[in-house]
Amino acid sequence: TATVSASGKIYPDIELKMSSDVSGEIVEINVQEGDSVRKGQQLAKIYADIYSNQVNQAAAQVNQQEAMVANVNATLPGLKASMDAAQAQFDRQKQLLVQKVISQSEFETAETTLRTAQATYNAAQQNVHSNMAAVASARENLAIQSENVSRTTITSPISGVISLLSVKKGERVVGNSMMAGTEMMRVADMSKIEAIVDVGENDIPKVLL
C-alpha cells in the first residue's frame, strides 16, 4: 500500500460570522475561543442605552394614547344623553310649531341645539377611532423598539465551537440593521469538516480520490 504524507489545514464546512446589529459597548462576553456552544446560547451582550430609552419612550406613548381613548370613551355616555335630550326637545318643539304654539325662531333654536349635540357626539366617536389607530401605531413602534433591544444580545444561530473571538469586553462595536457590523466572533459546526493540504507533484498519481 502506497501512502502519501501531506500537510495542510482543517476547515469546518460551516463557519458563521457573528456581527453586531447595533452600536455600543460590549458589557458581557460569555464564551472563550474554543468553547462549545449550543444553538440559542447567549454569547455576548452590548450596552446600547439609546435603544432602552427608545423603548421607554415608546411604552410611554402607548400609555398616553390608551389614556386618551379611555378619557374620550368616558365622555360618550354624557354626550349621548345630551344628544337624546336635544332630540326629545326638538321633537316637542316641532310638534308645538305645527300647533302654532311657538315661533319659527324658537323651533330653529331647538334644531340648532340638536345639530350641535349630534355633531359633538359624532366628533367624539371619530376621536375614539382616531385615538385607537394611534394606540395601534404606538404599540407597533414599541414592538420595533423592543426588537432593537433584543439585538443587543448576541446568540448562537447554530450548535458548534467558537473558532474565533476577535473582541474583548469593554470594546465598542458598530452596527445597524442595514449592513453587517463589527465582526465579533465566529461559530463553526465541527460535525462536518474538510482538509486542504499541499500534495507534492510526484505524489499526485498516488492519491486516490
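1. Starting with a pairing in the strands: β2 and β4 are antiparallel partners joined by four bridges. Pairing here requires that DSSP finds at least two bridges between the two strands. Within this pair, Glu25 sits opposite Tyr47 in β4. Strands themselves are DSSP runs of E with at least two residues, helices are runs of H or I with at least four residues, and both are numbered from the N terminus.

2. Some housekeeping before going on. This is a predicted model, in which local features need pLDDT of at least 70 and side-chain atom pairs count only at pLDDT 80 or more, while totals for chains, interfaces and linings use all residues. Residues are numbered from 1 along each chain as its sequence is written, and side-chain values use heavy atoms, with hydrogens and water left out.

3. Overall layout: the protein chain has two helices and eight strands. Read from the N terminus, the order is β-β-β-β-α-α-β-β-β-β. The helices are α1 (49-98) and α2 (104-150).

4. What about the overall dimensions? The radius of gyration of the protein chain is 36 Å, whereas a compact globule of 209 residues would be near 17 Å. That value is taken over C-alpha atoms, and the globule rule is 2.2 Å times the number of residues to the power 0.38. Along the principal axes, the C-alpha atoms fill a box of roughly 125 × 40 × 25 Å.

5. On burial, 25% of the 209 residues are buried. Buried means under 20% relative accessible area, exposed means over 50%, and partly exposed is in between, with a 1.4 Å probe and protein chains only. The protein chain exposes about 13600 Å², and carbon and sulfur atoms supply 52% of that area. Those areas come from the Shrake-Rupley method with a 1.4 Å probe; for residues, only the protein chains shown count as cover.

6. Contacts (heavy atoms within 4.5 Å) are worth a look too. Taking those between residues at least 6 apart in sequence, 80% join residues at least 24 apart.

7. Back to the strands. An open sheet is formed by four of them in the order β1-β8-β6-β3, with antiparallel pairing. Its edge strands are β1 (7-19) and β3 (36-37), each of which pairs on one side only. β1 and β8 run antiparallel and are joined by 12 bridges; Ser7 stands opposite Asp198 in β8.

8. β2 (residues 24-29) has another antiparallel pairing, with β7 (residues 172-173), over two bridges. There, Gly24 faces Val173 in β7. As for β4, three bridges join β4 to β5, again antiparallel, and Ala44 has Ile154 in β5 as its bridge partner.

9. Which residues does Ser156 touch? Leaving out residues up to four places away in sequence, Ser156 contacts Val37, Arg38, Lys39, Gly40, Gln41, Leu43 and Val187. Ser156 belongs to the loop between β5 (153-155) and β6 (160-165), and it counts as buried because its relative accessibility is 2%.

10. Lys39 is in the loop between β3 and β4 (42-47) and counts as exposed because its relative accessible area is 62%. With the sequence neighbours up to four places away set aside, Lys39 touches Ser156, Pro157, Ile158 and Ser159.

11. In the helices, Gln145 is one to check. Gln145 is part of helix α2 and counts as buried because its relative accessibility is 11%. Its contacts, not counting residues up to four places away in sequence, are Gln54, Val55 and Ala58.

12. Lys100 deserves a glance at the backbone: its phi is positive, about 60°, although Lys100 is not a glycine. Lys100 lies in the loop between α1 and α2 and, with a relative accessible area of 72%, is exposed.

13. Val207 is in the segment after β8 (183-198) and, at 35% relative accessibility, counts as partly exposed. Together with Val197, Val199 and Ile204, Val207 forms a nonpolar surface patch with about 280 Å² of accessible area. Patches are made of residues with over 30% relative accessible area and no salt bridge, joining like charges within 9 Å and nonpolar side chains (Val, Leu, Ile, Met, Phe, Trp, Tyr) within 5 Å. A salt bridge is a side-chain nitrogen of Lys or Arg within 4 Å of a carboxyl oxygen of Asp or Glu.
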